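Welcome! Take a moment to look over the chain below, and then we will walk through it part by part.

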Amino acid sequence: MPEGPSVRKFQLLTSPFVGQAVAKVGGSSRKINVNGLNALRLQDCQVHGKNLYLAFVAAEGPLGPTAEGAVLQKEAAAVASSAVQGGQEDVCAPHPQDGELQELQHSGSEAPDAAEGPGNWLRFHFGLFGSVRANEFSRANRANKRGDWKDPVPRLILHFERGGFLVFYNCRMHWCSSPRADPTSDILSMEFHRGQALDALHAPNPICYTLLDQRYFSGLGNIIKNEILYLAKIHPLTRGSLLALSDRERLLDCAIQFSSNWLQCKLRGQGLHLHIYHREQCPLGHPVMKGAFGPSGGLKRLTWWCPQCQPEVL
């Protein structure tokens with residue numbers, strides 16, 4: 001599923017439409033009444049970890065976005081449309097294994113919104129290859145398993161009063177009264193709490209479990225997990241309680257730097273070079289191991305590591 005950098009990019013695609021009223025809606029979603037969005041005004045857009053939130057009000061309601069939304073509109077205007085169009089994961093990796101399709105039914109360790117229920121915020125949680133497109137539709141770039149070249153079916157299409165439109169693919173939507181926001185756990189937030197993250201990494205669980213716990217590392221997904229463990233030279237099953245503070249600090253530095261670099265690559269329309277994810281050899285030419293790891297009763301995630309570069313700690 002799209003990780004934090006991708007959803008940040010989705011927010012930049014959405015922010016230019018803040019303040020506009022919805023003129024027409026479409027899409028295949030049956031989870032919400034899409035027609036209920038007609039004539040509502042997009043008031044605000046926010047991102048928290050892997051979730052995108054859009055606030056809607058009656059068209060005669062307040063027009064202005066929040067201060068954060070105003071900044072995002074300026075950022076979006078500065079980004080060339082060719083650099084931000086297209087929402088699929090632009091990483092240099094083969095098609096994911098079928099085992100990872102489980103993410104369409106699971107949200108990892110992420111808890112539901114505390115404020116679920118009637119409200120004016122629409123929450124989007126994206127599945128594998130989920131995306132947002134602005135003023136264009138996604139087109140098939142490969143045949144499916146049946147050999148058919150079928151374009152993806154949008155879950156939601158929002159046409160706005162000034163003629164532009166947004167298209168949302170492969171996502172779950174529900175209404176909530178407010179975003180579930182804890183910026184101190186968001187790896188791409190200026191308010192990310194480093195001390196809190198270091199304490200979480202010291203837990204006695206395998207470090208690859210902790211990194212995917214959205215309570216402490218919101219927005220960090222399987223690609224980031226694999227890459228930063230390799231960059232920090234840490235075996236994925238190493239228990240956090242065995243890691244020295246310097247090792248945890250190095251891992252956290254890698255997480256923040258890698259995530260930020262990935263976001264910048266997306267905004268420039270560039271692919272991401274991967275070191276270990278879906279690789280058969282590490283950059284030094286060593287054979288790479290692969291396994292599916294996860295907590296008991298939880299989602300098992302595919303993991304790649306180099307036994308030589310990331311020796312096991314007993």
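How many bridges join strand 2 to strand 3? Eight bridges join them, and the two strands run antiparallel. Please keep in mind throughout that this is a predicted model.

## The chain as a whole

Let us start with the overall picture. The secondary structure of the chain comes to seven helices and eight strands. The chain has 314 residues, and buried residues make up 52% of them.

Contacts across the sequence are worth a look too. Among the contacts in the chain with a separation of 6 or more, residues 24 or more positions apart account for 72%.

## The first hairpin

Now back to the pair of strands we began with. Strand 2 covers residues 40–48, and strand 3 covers residues 51–58. Together they form a hairpin with two residues between them. In the turn you will find Gly49, which has a positive phi of about 65 degrees.

Is strand 2 enclosed or open to the outside? Nine of its nine residues are buried, so strand 2 is largely enclosed by the rest of the structure.

A second hairpin is made by strand 5 and strand 6, with four residues between them. Strand 5 spans residues 154–160, and five bridges join it to strand 6 in an antiparallel arrangement.

The loop between strand 5 and strand 6 holds Gly163, whose phi is positive, about 105 degrees. Is Gly163 buried or exposed? Gly163 is exposed, with a relative accessible area of 59%. Between Gly163 and Ala23 there are 8.7 Å in space, C-alpha to C-alpha, although the two are 140 residues apart in sequence.

## Aromatic rings

Searching the whole structure turns up nine aromatic pairs. One of them joins Phe124 and Phe168, and this pair is stacked: the centres are 4.5 Å apart, with 20 degrees between the planes. Phe124 belongs to strand 4 (residues 116–134) and Phe168 to strand 6, so the pair ties together parts that are 44 residues apart in sequence.

Phe124 counts as buried, at 0% relative accessibility, and Phe168 counts as buried at 0% as well. Both rings also belong to one aromatic cluster, formed by Phe10, Phe124, Phe126 and Phe168.

## Helix 6 and what covers it

Helix 6 takes in residues 222–231, and nine of its ten residues are buried, so this helix is largely enclosed by the rest of the structure. Among the buried ones are Asn222, Lys225, Glu227 and Tyr230. What covers them? The cover includes helix 1 (4–14), helix 5 (207–211), helix 7 and strand 8 (301–305).

Just after helix 6 comes Lys233, with a positive phi of about 60 degrees. The charged end of Lys233 sits over the ring of Tyr230, 3.8 Å from the ring's centre.

## Gln310 and its neighbours

In the segment after strand 8 you can find Gln310. Gln310 is buried, with a relative accessible area of 1%. Which residues does Gln310 touch, leaving out those up to four places away in sequence? The list is Leu229, Tyr230, Lys233, Ile234, His235, Pro236, Ile276 and Trp305. For Ile234 there is a further detail: its backbone oxygen lies 2.9 Å from a polar atom of the Gln310 side chain.

## Helix 7

Our last stop is helix 7, which has 23 residues (245–267). At 1.5 Å a residue it should span 33 Å, and its end C-alpha atoms are 33 Å apart, which agrees.

Several residues of helix 7 are buried, including Arg248, Leu251, Leu252, Ala255, Phe258, Ser259, Trp262 and Leu263. Following helix 7 is Gly269, with a positive phi near 75 degrees.

Key
Residues numbered from 1 in each chain as written. Predicted model: local features only at pLDDT ≥ 70, side-chain atom pairs only at ≥ 80, totals over all residues. Heavy atoms only, no water. Buried < 20%, exposed > 50% of the residue type's maximum accessible area, 1.4 Å probe, protein only. Pairing = 2+ DSSP bridges. Phe/Tyr/Trp six-rings, centres within 6.5 Å; stacked < 30°, edge-to-face > 60°. Lys NZ or Arg CZ within 6 Å of the ring centre and 35° of its normal. Expected span 1.5 Å × (residues − 1). Contact = heavy atoms within 4.5 Å. Polar contact = N/O pair within 3.5 Å; in protein donor to acceptor, adjacent residues only side chain to side chain.
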